[in-house]
Amino acid sequence: MEFGLIGEKLGQSCSPRLHQLLAGYDYQLRELADENAAKEFLLSGKYRGVNVTIPYKKLAYSLCDELDDAAKAAGAVNTVVNQSGRLLGYNTDLAGFERLAASAQISFAGRVVLVLGTGGTGGTARAAITAQGPKELLVASRTPGPGQISYEEAKKRTDVQVLVNTTPVGMFPHEEEMPIDPGLFPNLEGVLDVVYNPLSTALVTKARSLGVKSRGGLEMLVWQAALACEKFTGIPADPRRTRQVLGRLAFEQSNIVLIGMPSCGKSTIGRKLSRWMGSPFVDLDRMLEEGEGCTIPEYFAAWGEEAYRKREAVYAARAARGSGQVIACGGGVVEGEENLPALRRNGLVIFIDRPVEGLRVGGHRPLSTSPEALRRMEQRRRPLYESHADLRVENPGGNFDRAARAVLEAVYAYFDLERAKPQSAGHPSAQSVRKRRVSPARGNARRRGRRPRR
């Protein structure tokens, strides 16, 4: 192959799409079962350039004939260029990690920093952190060696201010796992996780719920890839192009999750978005009805609301595992505390805000029994909608086409994607109610109110 990626398991990698967006060349994946196979491939020279991922970054470091300063500092190589049989080793992860930390506004200078993991990516993170002058740098390992601590020891360090995960724990398909609970650290200021699938790991999601600045690894992935392209082709990386690719990839990986009161327009708006964006549409209520073999009113009548919420959580978690979908949630999805954290892992959450006076009573909605019941429900749920949403789009008059266009504009603006303005005017307003979790490009201040191996 000419360009590609080697690693042990690459089934969920988005690197071919990423390199196609960045440079347009053919980029192949090559899974290598063990170090012997990886060594044989690297020394064969049957490539122009390759990226290296878990668990072969230290092996690549040992095999290269020449190393750049970043590779020497990190003790790991993630980019190898074959120059007439001479292997040149680079570490573009280091610059990518520095970009990730800067974008998340997380500083290591003078802080107590805990790094989870001792592999090649862990070495890269440690090099970047050391360069900023931390107060103390702790390294945790499941099997600690010299200069390392165990996870049990790490949990007792309540003075930790910045937490960095460089392990694959929390990666799809084990996205419910956390390497450590950020709630153990009362002085925590920031969390970085190099995992990018899901976009927001359970670690990042939990830290964000605690009010801690947090970011997943997609930004690191894209920036290191842009620099790898530069090494492969000799063409300098274009920061503007890289930001555009980051926004496009984040958009393609994200679900658009619609929440709001019953009859606010989630399903109608979701179907329109699905058609306009060419994305699969998932209606959680219909998904549950098909799975349970009965309507929602029938389920409520037979089993009650508590049982319904438990089943709703199962289907919400199932839908959340996908990417690139439009998901319309039931009005009460915010009642289950585990639902929105799951949906946020790969989702941009949008609150469709329709005045309670415009909501319908009865019909297919067993809890919307009267205007008074709707008002009480809205008072209870509104704080939940607002706390979980990234964006709020108003649907004051029930014009679902206009509201859907407002959502579409808000989505493209969020990811900094350029597109033609819709023809109709006077769209409802879209407002940010949280800080953005993915920061792909310019215009961040305007909207303020985050899978596999590479």
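Q: What covers the buried residues of helix 2?
A: This model is predicted. Helix 2 spans residues 35–44, and its buried residues are Ala-38, Phe-41 and Leu-42. The cover over them includes helix 3 (57–63). It also includes strand 1 (3–7), strand 2 (28–31), strand 3 (49–52), strand 5 (79–83) and strand 6 (86–90).

Q: Why do the buried residues of helix 2 line one face of the helix?
A: The buried residues are Ala-38, Phe-41 and Leu-42. Look down the axis of helix 2: these residues line one face because they fall within an arc of 95°.

Q: Which residue caps the N-terminal end of helix 2?
A: Look for a side-chain oxygen by the backbone nitrogen of Asn-36. A polar contact needs N or O atoms within 3.5 Å.

Q: Which residue follows helix 2, and what is its phi?
A: Move to the residue after the helix. Gly-45 follows helix 2. Its phi is positive, near 70°.

Q: What is the order of the strands in the open sheet?
A: The sheet has 6 strands, with mixed pairing. Strand 2 and strand 4 (66–67) are its edge strands, each pairing on one side only. The order is 2-1-3-5-6-4.

Q: Which residue in strand 6 is the bridge partner of Leu-67?
A: Strands of a sheet pair through backbone hydrogen bonds, either parallel or antiparallel. Strand 4 and strand 6 pair in the parallel sense, over 2 bridges. In strand 6, the partner of Leu-67 is Gly-89.

Q: How many disulfides does the structure hold?
A: A disulfide is a covalent bond between the sulfur atoms of two cysteines. The closest cysteine sulfur to that of Cys-264 is in Cys-329, 10 Å away, which is too far for a bond. Cys-329 is in no disulfide either. The count is 0.

Q: Is Cys-329 buried or exposed?
A: Buried means under 20% relative accessible area. Cys-329 has 3% relative accessibility, so Cys-329 counts as buried.

Q: How far apart are the end C-alpha atoms of helix 14?
A: Helix 14 has 16 residues, 305–320. Its buried residues include Tyr-308, Arg-309 and Glu-312. At 1.5 Å a residue, helix 14 should span 22 Å. The distance between its end C-alpha atoms agrees: 22 Å.

Definitions and conventions
Residues numbered from 1 in each chain as written. Predicted model: local features only at pLDDT ≥ 70, side-chain atom pairs only at ≥ 80, totals over all residues. Heavy atoms only, no water. Buried < 20%, exposed > 50% of the residue type's maximum accessible area, 1.4 Å probe, protein only. Helix = DSSP H or I, 4+ residues; strand = E, 2+ residues; numbered from the N terminus. Arc of directions from axis to C-beta. Contact = heavy atoms within 4.5 Å. Polar contact = N/O pair within 3.5 Å; in protein donor to acceptor, adjacent residues only side chain to side chain. Disulfide = S-S within 2.5 Å. Expected span 1.5 Å × (residues − 1). Pairing = 2+ DSSP bridges.
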